[in-house]
Amino acid sequence: MKKITKNLLTVSFFFLVFCSYAQTRTETDLLGEIKVPVDAYYGAQAARGMENFQISDQYNNDYPDYIKAWGMIKLACARANTEVGEMPAAKLKLIEPACQELINGKYLDQFRLDLYQGGAGTSTNMNANEVIANIALVKAGLKKGEYSKISPNDDLNMSQSTNDTYPTSLKLTMILHNNRLKEQLGLLAKSFRALGNKYIDVVKMGRTEFQDAVPMTVGQEFHSYATMLEWNIANLEFANKSLLTLNMGGTAIGTGLNAPKGYDVAVIKHLKQISGIDFVNSDDMIAATSSLHGFVVYSSALKTMATTLSKISNDLIILSSGPRNGLFEINLPARQPGSSIMPGKVNPVMPELMALVSYRVMGNDVTVNMAASDGDLQLNAYEPVAGLAIFESQKLLTNTMKAFRTQCIDGITVNEKVHAHNLEITIGIVTALNPKLGHHVGDELAKEAQATGKGIIELVREKKLLTEAEISEILSPANMTGLDKSKYKNK
């Protein structure tokens with residue numbers, strides 16, 4: 001019985017080996033032969049990349065727009081090559097629908113390369129070349145790997161280098177992501193505007209360095225957050241322009257070797273038509289190939305946005321602190337029990353989430369800066385980490401801002417009784433007396449109020465420093481806010 005079982009296991013093992021072998025095809029590259037799954041549309045170089053770079057479990061196809069961008073670029077290149085007479089029209093006819101498949105979001109499973117990779121993106125470029133070539137071959141009734149008919153290198157990479165297509169793919173993807181990022185940023189600003197309008201007349205004490213300052217309204221505070229976010233929208237739009245300058249046609253180092261005359265103009269024209277984005281080629285292709293300038297500028301805008309979001313989030317945490325021993329000026333929606341040991345505790349989890357994501361984005365910006373500063377000579381081999389850092393920042397910010405808005409900001413309410421009480425006992429309104437009584441008198445009133453527990457208005461009355469009419473005019477908290485509702489009407 002044991003012998004039969006052992007024989008069955010042996011037969012089963014060899015059967016599986018045979019099936020595994022039968023389910024592969026053999027491709028050849030510079031390093032020799034390599035087995036590729038027979039159903040795979042990628043080829044030898046992508047397969048080697050998958051073997052070499054098993055690093056992070058973060059893959060190219062985690063960002064579908066990235067694959068879409070490669071389809072657009074390769075389509076633009078093929079059309080440009082046909083326009084300048086390098087590619088036969090019949091071959092373009094086969095390549096075009098294959099590129100369109102990627103643009104339509106198909107074949108994502110064929111892009112399982114780790115985002116962390118050496119080689120300045122060569123594996124990813126060849127992944128796109130191989131997949132498009134094999135899609136075209138299959139659509140033409142040919143077999144995968146029949147590269148004498150449609151070649152990943154000679155046809156899909158014609159007049160190109162990884163060194164111009166790869167940075168272009170990163171920039172195109174970032175621009176596509178930027179549109180969604182701006183949308184969520186705008187919606188978040190709009191939510192703060194709504195809160196500002198709702199609570200525009202609720203007077204509160206402002207604070208500087210955590211100390212009582214002077215009165216303002218809750219609405220002014222919320223509107224100020226909206227303004228901060230809108231500054232970031234403008235900053236993103238400005239930084240986005242830095243991604244529009246490309247080096248297409250520069251090929252290996254920006255000299256344009258192997259790119260035919262007129263190709264650089266034609267490829268930009270076709271890429272603009274396909275993507276709807278107003279790209280331009282740099283007037284110095286060598287500089288554009290060597291420098292990650294656009295990535296640094298854009299990443300800086302993401303960092304600035306993260307800084308703003310973190311500041312707002314931590315303000316909300318402070319304003320909602322309590323409920324009995326904190327400021328407790330606002331209520332955040334309760335999203336989950338806050339402690340495994342303390343009954344009744346609810347934490348400000350959504351502002352915390354927004355803040356911690358912001359810290360990650362700030363760290364990603366440091367990564368981009370380091371990668372840009374250490375690129376050597378005519379090519380920066382660290383583009384992949386700069387690209388994935390920005391992709392991650394865009395994705396994190398987009399998703400988290402949506403959650404922050406819908407799960408927190410839209411549900412904020414204000415504790416008006418707390419604000420009224422704070423205004424009654426505050427010493428901060430003494431500042432309004434400076435023009436009438438002078439700073440020194442204000443200091444003395446503040447010290448006495450602090451020592452006795454009396455209010456500023458009470459002391460002013462006792463000392464007969466102002467008439468009742470003057471008290472009503474000068475020490476009215478509402479009059480101190482400088483509120484001009486008209487400035488918010490069009491927001």
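Trainee: This is a predicted model. Which residues make the nonpolar surface patch of about 280 Å²?

Mentor: Leu353, Leu356 and Tyr359 make that patch. Leu356 lies in helix H11, residues 349-374.

Trainee: What makes Leu353, Leu356 and Tyr359 a patch?

Mentor: A patch residue needs over 30% relative accessible area and no salt bridge, and nonpolar side chains are joined within 5 Å. Leu353, Leu356 and Tyr359 are listed as a patch, so they pass those cut-offs.

Trainee: Why do strands E3 and E4 count as paired?

Mentor: Pairing takes at least two bridges. Strand E3 (203-208) and strand E4 (211-217) have 5 bridges, so they count as paired. The sense is antiparallel. Lys204, for one, has Met216 in E4 as its bridge partner.

Trainee: Which residue in the hairpin of E3 and E4 takes a positive phi?

Mentor: Glu209, with phi near 55°. The hairpin has 2 residues between the strands.

Trainee: How many cavities of 30 Å³ or more does the structure hold?

Mentor: It holds 3. The largest cavity has about 70 Å³ of space. Its lining has 14 residues, and the closest to its centre are Pro167, Lys171, Ala288, Ser291 and Glu383.

Trainee: Why is it called a cavity and not a pocket?

Mentor: A 1.4 Å probe fits in a cavity but cannot get out, whereas a pocket is open.

Trainee: Which elements each supply at least two residues of that lining?

Mentor: Helix H6 (162-198), strand E5 (245-246), helix H9 (285-290) and helix H10 (293-319). The lining divides into 5 nonpolar, 7 polar and 2 charged residues.

Terms used:
Residues numbered from 1 in each chain as written. Predicted model: local features only at pLDDT ≥ 70, side-chain atom pairs only at ≥ 80, totals over all residues. Heavy atoms only, no water. 1 Å grid on protein atoms, 1.4 Å probe; cavity = no way out; pocket = protein on both sides within 12 Å on 5 of 7 lines; lining within 4 Å. Points joined across faces, edges and corners; volume = space filled by probe spheres on them. Helix = DSSP H or I, 4+ residues; strand = E, 2+ residues; numbered from the N terminus. Nonpolar A, V, L, I, M, F, W, Y, C, P; charged D, E, K, R; others polar. Patch = residues over 30% accessible without salt bridge, like charges linked within 9 Å, V, L, I, M, F, W, Y side chains within 5 Å. Areas by Shrake-Rupley, 256 points an atom, 1.4 Å probe, with all protein chains shown as cover. Salt bridge = Lys/Arg side-chain N within 4 Å of Asp/Glu carboxyl O.
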